[in-house]
Amino acid sequence: MNLTLRIWRQKDTDAAGRFITYPVEGVSPDMSFLEMLDVLNETLTDRGEAPVAFEHDCREGICGSCGFLINGMAHGPRRHTTVCQLHMRFFKDGDSLTLEPWRAQAFPVVRDLVVDRSAFDRIIQAGGYITAPTGSVPEASTILVPKEAADTAMDAAACIGCGACVAACPNAAAMLFTAAKVTHLNALPQGKPERDERTVNMVAAMANEAFGSCANHTECEAACPKGIPLEFIAGLNRDLIRAAFRRHREPLTVVGAAQQPAHEDT
Ligand code: SF4
Ligand code: FES
């Protein structure tokens, strides 16, 4: 297969970026998208040019490092597929593909296709933990976890923090990511003691970053490679209302929280 790639090149956060077009020849349909970029980078390096910077680690869809827009679609055209697991057989000989980084104010471009997603780390730091006694390993059945709660927590824990939901959202909102992280722990008995505090703190951390507000466009769910469902956002809003009532004081101090329950439609 021969392809034409139009790739966003940007030296660093402060530099101006631009698209540069590269032909890539002899691409095997069995290559992954990142392997195809490896081939391009070998050619660029041989020519003495800077290789295209892109993030990756596991290359098997579990670490969340990879991700960029392919023809405007986060992680490319395959549903529930990270760009590292996207294979070239899903493209056609002669295709023209435009590659660009996630476009969101909260994710500044570091270089080429790499963005800084540390805003996600700060949301997790605000509540992505439980309080547990240290010491010897507890008896396995000390805390019984209902099957439904375990399933919900596992589904939420599938979020790999890739940022595709933010990139796909017209408002660059981080509600799906935050909802997944809150749900993961709020669903479990071990996460209940900090449930209200976690919800308020993680939503506040999200509001303090440069993410937009959720307006129910639902593009996040469509773009998510891990199938994180919108219902987790509804659950987050319910937990936020619950936490607000339990705090027994008004107005709620979380930035934007007073508006968020208005999006609740369940
Ligand atoms: S919710 Fe989905 S798209 Fe968003 S960061 Fe998690 S895995 Fe990626
Ligand atoms: S490189 Fe780990 S998910 Fe793609």
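**Exercise 1. In this predicted model, determine which residues of helix α6 are buried and which helices they pack against.**

Solution. Step 1: In α6, the buried residues are R195, D196, R198, T199, V200, M202, V203, A205 and M206. Step 2: These buried residues pack against α2 (118-125), α5 and α8 (231-246). Step 3: As for its dimensions, α6 (residues 195-208) has 14 residues and spans 20 Å from its first C-alpha to its last, close to the expected 20 Å.

**Exercise 2. Identify the salt bridge that D239 makes with R195, and state where the two residues lie.**

Solution. Step 1: The side chains of D239 and R195 form a salt bridge, with an N to O distance of 2.7 Å. Step 2: D239 belongs to helix α8 and R195 to helix α6, so this pair ties together parts 44 residues apart in sequence. Step 3: Both D239 and R195 are buried.

**Exercise 3. Describe the salt bridge between K147 and D151, and classify each residue by accessibility.**

Solution. Step 1: The closest N and O atoms of K147 and D151 are 2.7 Å apart. Step 2: Both residues lie in helix α3 (residues 147-157), four residues apart, which is about one turn of the helix. Step 3: K147 has 58% relative accessibility; exposed means over 50%, so K147 is exposed. Step 4: D151, at 34%, counts as partly exposed.

How values were computed. Residues numbered from 1 in each chain as written. Chains lettered and ligands numbered in written order. Predicted model: local features only at pLDDT ≥ 70, side-chain atom pairs only at ≥ 80, totals over all residues. Heavy atoms only, no water. Expected span 1.5 Å × (residues − 1). Buried < 20%, exposed > 50% of the residue type's maximum accessible area, 1.4 Å probe, protein only. Contact = heavy atoms within 4.5 Å. Salt bridge = Lys/Arg side-chain N within 4 Å of Asp/Glu carboxyl O.
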